[in-house]
Amino acid sequence: MARPGRSGAHEDPAAALDAAAELLAVLHDRGQDGVKPAVSPSQLRALLAVEGAEGINLRTLSDVLGSRPPSVTRLCDRLEAMGLLVRSPRPSSRREVEVRLTPQGQALLDERRAIRMRELSAALGRMAPEAVDALVAGLKAFREAAAESYPAGGPSVAGEASAAPSPPAGPTPAPGRVPDSA
């Protein structure tokens with residue numbers, strides 16, 4: 001459905017964004033390919049939350065993940081057994097447990113991002129420079145509009161600076177970076 005006043009717009013913008021989001025989810029999942037150890041989506045969300053708030057306590061992590069504390073404890077048990085995070089008593093309050101990534105956990109997230117960035121950069125490299133510029137501008141405007149729906153300026157997502165990569169060097173000039181997601 002074309003919207004009035006949009007030249008060349010042959011589909012509803014929300015439908016176009018939804019279709020792009022589905023494709024981005026596929027590209028995002030490719031970041032898991034070949035990365036060891038493999039983690040589930042819920043484990044990845046937990047790692048990203050911990051990365052975004054090193055030293056987060058289990059109750060806050062439960063809130064961020066929208067899960068009950070016993071489920072988050074079991075999730076952290078699995079991640080700790082995989083060597084991806086570590087729990088320890090908070091120095092200022094020994095009754096509180098804080099969670100931190102291990103170097104292996106950070107390496108896993110970094111490797112996933114590198115794979116995803118290659119995938120996204122390859123797709124951006126096949127676009128015309130003016131289309132990349134328009135996409136970056138549109139994504140920035142969308143993020144600002146969507147962030148108004150969240151308290152404190154936006155959802156808590158780790159790795160914000162790595163979401164929308166600059167395209168690879170070559171014929172397409174590098175646009176500015178649009179932060180979000182890991």
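Predicted model: local features only at pLDDT ≥ 70, side-chain atom pairs only at ≥ 80, totals over all residues.
Let us start with two helices. Two packed helices are described by the angle between their axes and the distance between the axes. Here, helix H2 (residues 41–52) and helix H4 (residues 69–81) have axes that come within 10 Å and cross at roughly 85°. Angles of 65 to 115 degrees count as roughly perpendicular, so that is how H2 sits relative to H4. On the H2 side, the contact is made by Ser42, Gln43, Ala46 and Leu47, and on the H4 side by Leu75, Arg78 and Leu79. Sorted by class, this contact has four nonpolar, two polar and one charged residues.

Leaving out residues up to four places away in sequence, Leu79 touches Gln43, Ala46, Leu47, Leu84 and Leu85. Leu79 also belongs to the largest nonpolar core, which has 23 residues; Leu47, Leu61, Leu65, Leu79, Leu108 and Leu109 are the members that touch the most others. At least two residues of this core come from each of H2, helix H3 (58–65), H4, strand S3 (93–101) and helix H5 (103–125). H2 gives the most, with six residues.

Our last stop is Thr102, found in the loop between S3 and H5. Is Thr102 buried or exposed? Buried means under 20% relative accessible area, and Thr102 has 15% relative accessibility, so Thr102 counts as buried. Beyond its neighbours within four places in sequence, Thr102 is in contact with Gly83, Leu84, Leu85 and Val86. With Gly83 there is a polar pairing to look for: a polar atom of the Thr102 side chain lies 2.5 Å from the backbone oxygen of Gly83.

Conventions: Residues numbered from 1 in each chain as written. Heavy atoms only, no water. Axes fitted to C-alpha atoms, helices over the stretch in contact; angles between N-to-C directions. Helix = DSSP H or I, 4+ residues; strand = E, 2+ residues; numbered from the N terminus. Parallel < 35°, antiparallel > 145°, perpendicular 65-115°, else oblique. Contact = heavy atoms within 4.5 Å. Nonpolar A, V, L, I, M, F, W, Y, C, P; charged D, E, K, R; others polar. Core = buried A, V, L, I, M, F, W, Y, C linked by side-chain atoms within 4.5 Å. Buried < 20%, exposed > 50% of the residue type's maximum accessible area, 1.4 Å probe, protein only. Polar contact = N/O pair within 3.5 Å; in protein donor to acceptor, adjacent residues only side chain to side chain.
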